[in-house]
Amino acid sequence: MIHAGLEGIVAADSKISLVDGENGWLVYRGEWAKHIAKEKSFEEAAYFLWNGVFPDAKQLTAFTSSLGEARALSTSHKEIINRLPENTEMMSVVRTVLSSIGNQSFQFPATQEQGIQLLSIVPTIIAYRYRTQKGLPIIEPDLSLSHVGNYLYMLTGKQPQDNHVKALTAYFILTMEHGLNASTFTARVIASTESDLASAITGAIGAMKGPLHGGAPTGVIDLLDEIKRDGDVEKVLRHKLENREKLMGFGHRVYKTRDPRAAALSEITSDFYDDEEFQLAHEVEETAVRLLQEYKPDRKLYANVEYYAAAILRAIELPTELFTPTFTAARTAGWIAHVYEQNENNRIIRPSSVYSGNMPE
């Protein structure tokens with residue numbers, strides 16, 4: 001029996017995360033991901049995902065310091081970015097620079113130092129390329145800022161708002177890992193050949209670049225922009241439903257109940273009363289869920305993580321072309337965790353295929 005897309009096939013025994021779509025559960029190493037997003041920093045979450053325990057104060061200081069020290073781009077990295085054609089997509093820029101980092105020091109098995117180097121530099125690559133293309137002065141990393149706060153600072157050149165850092169940190173934590181998805185599977189396949197960490201992460205980025213996996217939630221942005229222009233949430237949503245249009249950002253292939261990541265982001269951003277963009281996102285979600293129950297009572301349609309990702313990235317005024325690269329900056333932590341796990345008990349991943357071509361005469 002052929003399982004197209006390997007759907008339903010168990011290919012790994014992993015302790016990293018549990019994704020349960022029927023119950024709406026997302027668990028990281030025995031802890032609810034939503035609790036980690038509410039209570040921990042990105043640095044603590046990444047350390048936990050890689051090591052299986054949260055760091056103590058001394059370990060967190062050392063880990064945070066190592067991440068900060070690895071943020072800077074070398075002269076050769078900057079030269080690579082500067083020499084790439086203007087029309088090179090951001091995901092391809094990130095992929096190319098990370099590939100160049102994988103020198104002879106990157107050997108099997110992967111080390112935590114290698115993971116720190118790759119995780120730290122992705123936001124810097126994105127910010128450097130973005131500001132270069134916009135003709136803006138380059139902002140060097142600020143070691144006094146958190147991983148996420150520094151990313152916003154390098155992009156904008158301004159000290160980021162606390163609400164924006166908190167919301168984006170939660171987004172980073174809740175999207176850093178999500179089971180054996182296409183890009184994570186790609187990373188593990190490459191790692192299973194005993195290739196190096198940089199090659200595995202480069203391959204994962206290639207998978208994430210595909211619109212069926214890491215595509216930017218521009219449809220949600222368009223919906224929120226249309227509602228903001230019109231001013232009447234229910235009127236716009238009813239019009240779409242009566243014309244059998246899909247409400248972008250609602251429903252999920254895996255989750256048959258409310259996406260736990262969206263639920264957590266909704267709760268975290270509900271405290272930001274002074275931000276009209278977050279207020280709008282909450283009003284639209286509440287109205288959309290009510291109307292979906294009215295128009296499609298036989299289906300369980302709730303806001304998914306793309307909805308709140310778009311709402312958060314829109315609120316912090318992140319350009320749409322940076323949505324997928326920002327998702328990549330978060331997911332890199334999960335990819336690295338899976339490579340470490342694959343290295344620990346490795347067996348080359350090699351599924352079979354069924355020949356359906358002609359036979360020779």
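At what angle do the axes of helix α12 (residues 218-230) and helix α15 (residues 276-295) cross, and within what distance do they come? In this predicted model, the two axes cross at roughly 100° and come within 11 Å. Because angles of 65 to 115 degrees count as roughly perpendicular, α12 is roughly perpendicular to α15. On the α12 side, the contact involves Leu224, Ile227 and Lys228. Their counterparts in α15 are Glu276, Glu277, Leu280 and Val284. By class, 4 residues of this contact are nonpolar and 3 are charged. No polar residue takes part.

The largest nonpolar core comprises 109 residues. Trp50, Leu98 and Leu168 have the most contacts inside this core.

Trp50 belongs to helix α2, where it is buried. Helix α2 spans residues 42-51 and is mostly covered, with 9 of its 10 residues buried. Among the buried residues are the aromatic side chains of Phe42, Tyr47 and Phe48. Glu43 and Glu44 are buried too, as are Ala45, Ala46 and Leu49. Just after α2, Gly52 adopts a positive phi of about 85°.

A positive phi also occurs in the turn of a hairpin, at Gly24, with a value of about 70°. This hairpin is formed by β1 and β2, with 4 residues between them. Strand β1 covers residues 17-20 and strand β2 residues 25-28. The two strands run antiparallel and are joined by 4 bridges. Leu18 has Val27 in β2 as its bridge partner.

Technical notes:
Residues numbered from 1 in each chain as written. Predicted model: local features only at pLDDT ≥ 70, side-chain atom pairs only at ≥ 80, totals over all residues. Heavy atoms only, no water. Axes fitted to C-alpha atoms, helices over the stretch in contact; angles between N-to-C directions. Parallel < 35°, antiparallel > 145°, perpendicular 65-115°, else oblique. Contact = heavy atoms within 4.5 Å. Nonpolar A, V, L, I, M, F, W, Y, C, P; charged D, E, K, R; others polar. Core = buried A, V, L, I, M, F, W, Y, C linked by side-chain atoms within 4.5 Å. Buried < 20%, exposed > 50% of the residue type's maximum accessible area, 1.4 Å probe, protein only. Pairing = 2+ DSSP bridges.
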